[in-house]
Amino acid sequence: MFDQIFNSFRNVFSVPDLRKRILFTLGMLLVYRIGSHIRTPGINPDKLSELWRELQGSLVGVLDLFSGGNFRVVSIFALGITPYITSSIILQLMTVVWPYLKKLSEEGELGRRKINQYTRYLTIVLSLVQSFTIAMWLKGRPGLVYDGGSVWFILGTMLTLSTGTAFIMWLGEQITERGIGNGISLLIFAGIVLRLPSIMQQLAERAKSDPTSALSVVVLIGAMVLIVAGVVFMERGQRRVSIHFARRQVGKQQVGGQATYMPLKVNMAGVIPVIFASSILTFPQTLGQFLHYDWVQKASQMMRSGHPLYDLIFVSAIFFFTFFYVSVIFNTDEVSENLRKQGGFVPGIRPGKKTADYLNTILTRLTIVGALYLAVICIIPQFVITGIEVQEIPFIGEKLYALLTSNPVTGWIPKGMGFSFYFGGTSLLIVVGVAMDTVSQIESQLIMRNYEGFLKKNRVRGRRG
């Protein structure tokens, strides 16, 4: 097995174009990590560390997750790619309701480039707004800013953070175009994976200092392995729709008459719905840290992890964005029309509207399963850490809490199991999904050039199929 892996890596660097793309990707990731060590000027690092100890476990950590740990130290990349993600959400939603954007989306490559340009402009605007909010928040913390938070500090912070976001956006686009994999996803992936050494060190220190906790560490690692295995299994799951092509005369030759299949992924949307949902839910908690109005504080408290309202909105947002994103990337009417033009048909289904309805039915069922899978993967770590605050449910909360805590079997539901789950469901989905996509692209490049890939029998399929 090790010989096969060694040969595969040797094959990767034997292809000049593939070697160039991989080295370029690694170089861009190195630039990204170097930038994460350049801090925004004018901030006291000791006071900043104290502040993050206060914020430990809050939903603001999601913003730090997408920034690759840069928000924690307020580096020049502190905003990370979050403004770009938010801009993409807004533009994709506007594509449905604004006829001008809808028309652009139907114009092919030219329209897509125009929408991407609008996304970049909106990213800069959001970066300026978010950086201003962060600057005012830092200014309001005693001793955190050296000069007390002058106008020059606010303007400098806005310029620094917005420029950092624009540079990250450019890095991601360069990786996508000239490297391997999706650049934006790889930047988030790199920020998460780089935490692995510190996580392993924390687990080792915990087991060493408290031998009784060694069993919980083993259980935690085992649970993470099982969840990763479940993610891989679901990401590779697909429904194959049989497609036949009728024979037709082209010149003096007959073409067609072959049978193939159309692979429809169970999780066609990938991690995009989770990223979108997580990004949206960071706003109330973030506003609660920045604005100290009573109604804002009350809303942010209700939107904390473990609160029933937060769980309900989070799961609902995952379902919404899963269906929305799948409808954007897979238009059943368009696919059906293309099949009809090419002489293809689903056995037993009439071409045209009937085929579109048939594909839509299959896609709806798959999307329900995919959305449910994403929601479960994201909620499981929360159960392990904090449980569900059932006492906050109106009318029946207190009685339900007393009922659950009175039974040893269900007593963990409102309180959690007491484990520290170092990788949340969002992190696991991003890491596994991006890794599978990247390996899939490398594998396809090797096979296209008649080289042996990483797996001989079972090819690793990314989310794109």
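**Ground rules.** I am working with a predicted model, where local features need pLDDT of at least 70, side-chain atom pairs count only at pLDDT 80 or more, and totals for chains, interfaces and linings use all residues. Residues are numbered from 1 along each chain as its sequence is written, and side-chain values use heavy atoms, with hydrogens and water left out.

**Entry: α6 and α8.** I looked up helix α6 (residues 82–97) and helix α8 (residues 109–139). Helices here are DSSP runs (H or I, at least four residues), numbered from the N terminus. The two axes come within 8 Å and cross at roughly 130 degrees. An axis is a line fitted to C-alpha atoms over the stretch in contact, and angles run from 0 to 180 degrees between N-to-C directions. I therefore noted α6 and α8 as oblique to each other. For the label, angles under 35 degrees are roughly parallel, over 145 roughly antiparallel, 65 to 115 roughly perpendicular, and the rest oblique.

Which residues make the contact of α6 with α8? On the α6 side I listed several, including Pro 83, Tyr 84 and Leu 91. On the α8 side, Ile 115, Tyr 118 and Gln 130 are among them. Contact means heavy atoms within 4.5 Å. The residues of this contact divide into eight nonpolar, seven polar and no charged. Nonpolar covers Ala, Val, Leu, Ile, Met, Phe, Trp, Tyr, Cys and Pro; charged covers Asp, Glu, Lys and Arg; the others, Gly among them, are polar.

**Entry: α9 and α10.** Helix α9 (residues 151–178) packs on helix α10 (residues 183–193) at about 115 degrees, with axes 7 Å apart. That makes the pair roughly perpendicular. Ile 168, Leu 171, Gly 172, Ile 175 and Thr 176 of α9 meet Gly 183, Ile 184, Leu 186 and Leu 187 of α10.

**Entry: the end of α12.** Met 234 sits in helix α12 (residues 214–236). Val 266 is 32 residues away in sequence, yet the C-alpha atoms are 6.9 Å apart. Beyond neighbours within four places in sequence, Met 234 contacts Val 266, Val 369 and Tyr 373.

Is Glu 235 buried or exposed? Glu 235, also in α12, is buried, because its relative accessible area is 1%. Buried means under 20%, exposed over 50%, and partly exposed in between (1.4 Å probe, protein chains only). The side chains of Glu 235 and Tyr 373 are joined by a polar contact of 2.9 Å. Such a contact is a pair of N or O atoms within 3.5 Å; within protein, one must be able to donate a hydrogen and the other to accept it, and residues adjacent in sequence count only if both atoms are side-chain atoms.

Conventions
Helices (H or I, at least four residues) and strands (E, at least two) are DSSP runs, numbered from the N terminus.
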